[in-house]
Amino acid sequence: MNLHEYQAKKLFDDYGIPTPSGKSAQSVAEAKQCASELGGDGWIVKAQVHAGGRGKAGGVKIAKGEEELESIVDSLLGSQLVTKQSAPHGQPVNRVLIASLSDIASELYLGLVVDRASRRVAIMASTEGGMDIEEVAATQPEKIISVIVDPVLGLQGHQSRRIGFALGFDNNQRKQLTSILQGLYKLFTENDLSLVEINPLIINKEGNLVAIDAKVGIDDNALFRHPKLEELRDPTQEDEKENIARQFDLNYITLDGNIACMVNGAGLAMATMDIIQLHGGKPANFLDVGGGATAERVAEAFKLIVSDKNVEAILVNIFGGIVRCDLIAEGIIQAVKEVGVDVPVVVRLEGTNVNEGKAALAKSGLDLLAAEDLSDAAQKAVAAVGGAK
């Protein structure tokens with residue numbers, strides 16, 4: 001789960017990480033009030049969306065005076081901001097952050113992430129702040145400083161100093177960096193984060209470090225431990241179908257193809273999408289109904305699938321290990337009758353009670369295409385949408 005910048009900065013404040021003064025607003029009137037409370041005659045206006053690259057997409061602008069502030073906020077609120085990291089149609093801008101302007105002497109990058117190779121928290125820093133860190137990693141890897149933190153020992157002072165020396169900081173800045181890193185590491189571990197990023201972390205004209213941006217990602221699997229953080233979820237920034245899927249414990253991700261997949265098991269779902277692609281088709285989604293799928297969950301999965309107007313065929317691929325094929329067949333029949341599916345449905349069943357499941361499908365009187373194996377199922381699904389593209 002991702003947080004908006006204004007939410008992430010509130011967490012930063014709680015952990016002693018310096019940020020510029022700022023307030024969020026959902027209307028022009030609120031924005032003007034925020035600017036009045038912040039003071040000054042110029043502010044930075046930042047669209048609050050769950051996507052990077054806002055600046056290049058026109059989502060971060062400087063307002064010089066109240067009239068310009070009003071114009072910028074009015075143009076952003078209610079718009080769809082399209083960035084290189086957003087959905088193709090963009091992300092809705094329902095809120096903006098109004099922040100005081102900062103005197104920037106230089107920009108840096110600072111981030112913490114879970115390093116899967118070492119299974120530890122990795123700290124990354126670079127003098128190339130304000131740029132795409134992925135681009136820096138690809139073209140100038142020597143400019144990225146990386147430190148792995150031992151989970152038993154925690155972040156050590158010498159590690160913070162090493163990063164500070166590598167960034168060319170003076171003694172005072174190294175002390176500030178040590179405090180910031182200690183706060184970030186505590187924030188990261190106490191809240192089960194998957195990512196925290198400051199880009200840029202600036203040195204202002206007084207030589208002090210300030211986080212003028214904040215990006216926080218939380219591990220969804222740990223949200224049950226952090227109900228207050230879960231309350232910060234903004235469903236408007238997420239795919240509507242994925243939000244519905246979450247309510248029924250379905251693992252669903254929208255893709256841009258036209259052959260919907262319903263599979264039990266993440267690995268089998270990946271293999272199903274691969275074989276559809278192999279035979280010239282394009283999967284419309286990743287959908288794992290889980291190893292313990294029930295007839296009710298299958299029915300909800302079908303409802304989710306047919307809500308996608310791009311779907312022209314459905315491929316159901318079930319391996320009955322924990323779950324019985326006859327129960328899945330019952331769910332398929334129930335769902336097709338209840339939802340009124342009007343696209344071809346290809347069904348491949350294998351495993352426990354497979355014969356009973358196939359018999360139930362055959363007796364249903366519904367127009368379902370039975371498949372002998374996964375390759376056969378993929379070929380029939382691709383043929384049902386007009387063949388390979």
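On a 1 Å grid over the protein atoms alone, a pocket is an open set of points with protein on both sides within 12 Å along at least five of seven lines, a cavity is a set of points where a 1.4 Å probe fits but cannot get out, and lining residues have an atom within 4 Å of a point. The model is predicted, so that local features need pLDDT of at least 70 and side-chain atom pairs count only at pLDDT 80 or more, whereas totals for chains, interfaces and linings use all residues. Residues are numbered from 1 along each chain as its sequence is written, and side-chain values use heavy atoms, with hydrogens and water left out.

**Exercise 1.** Describe the second largest pocket by its volume and its lining.

*Solution.* Begin with the volume, the space filled by probe spheres set on grid points that are joined across faces, edges and corners; for the second largest pocket this is about 220 Å³. Next, list the lining, which consists of V113, V114, R116, V121, F188, T189, D192, L193, S194 and D219. Strand 7 (104-115), helix 6 and strand 10 (193-204) are the elements that give two or more residues to this lining, where helices (H or I, at least four residues) and strands (E, at least two) are DSSP runs numbered from the N terminus. Finally, sort by class, with Ala, Val, Leu, Ile, Met, Phe, Trp, Tyr, Cys and Pro as nonpolar, Asp, Glu, Lys and Arg as charged, and the others, Gly among them, as polar: the lining has five nonpolar, two polar and three charged residues.

**Exercise 2.** How do helix 5 and helix 6 cross, and which residues meet?

*Solution.* Two packed helices are described by the angle between their axes and the distance between the axes. Axes are lines fitted to C-alpha atoms, for helices over the stretch in contact, and angles run from 0 to 180 degrees between N-to-C directions. The axes of helix 5 (residues 157-166) and helix 6 (residues 171-190) come within 9 Å and cross at roughly 130°. That makes helix 5 oblique to helix 6, given that angles under 35 degrees count as roughly parallel, over 145 as roughly antiparallel, 65 to 115 as roughly perpendicular and the rest as oblique. For contact, meaning heavy atoms within 4.5 Å, S160, R161, I163, G164 and F165 in helix 5 meet R174, L177, T178 and L181 in helix 6. By class, this contact has four nonpolar, three polar and two charged residues.

**Exercise 3.** Are helix 11 and helix 12 roughly parallel or roughly antiparallel?

*Solution.* Helix 11 (residues 325-339) packs against helix 12 at an angle of about 20°, with the axes 7 Å apart. The two helices are therefore roughly parallel to each other. C325, D326, A329, I332 and I333 of helix 11 meet V354, E356, G357, A360 and L361 of helix 12, a contact with seven nonpolar, one polar and two charged residues.
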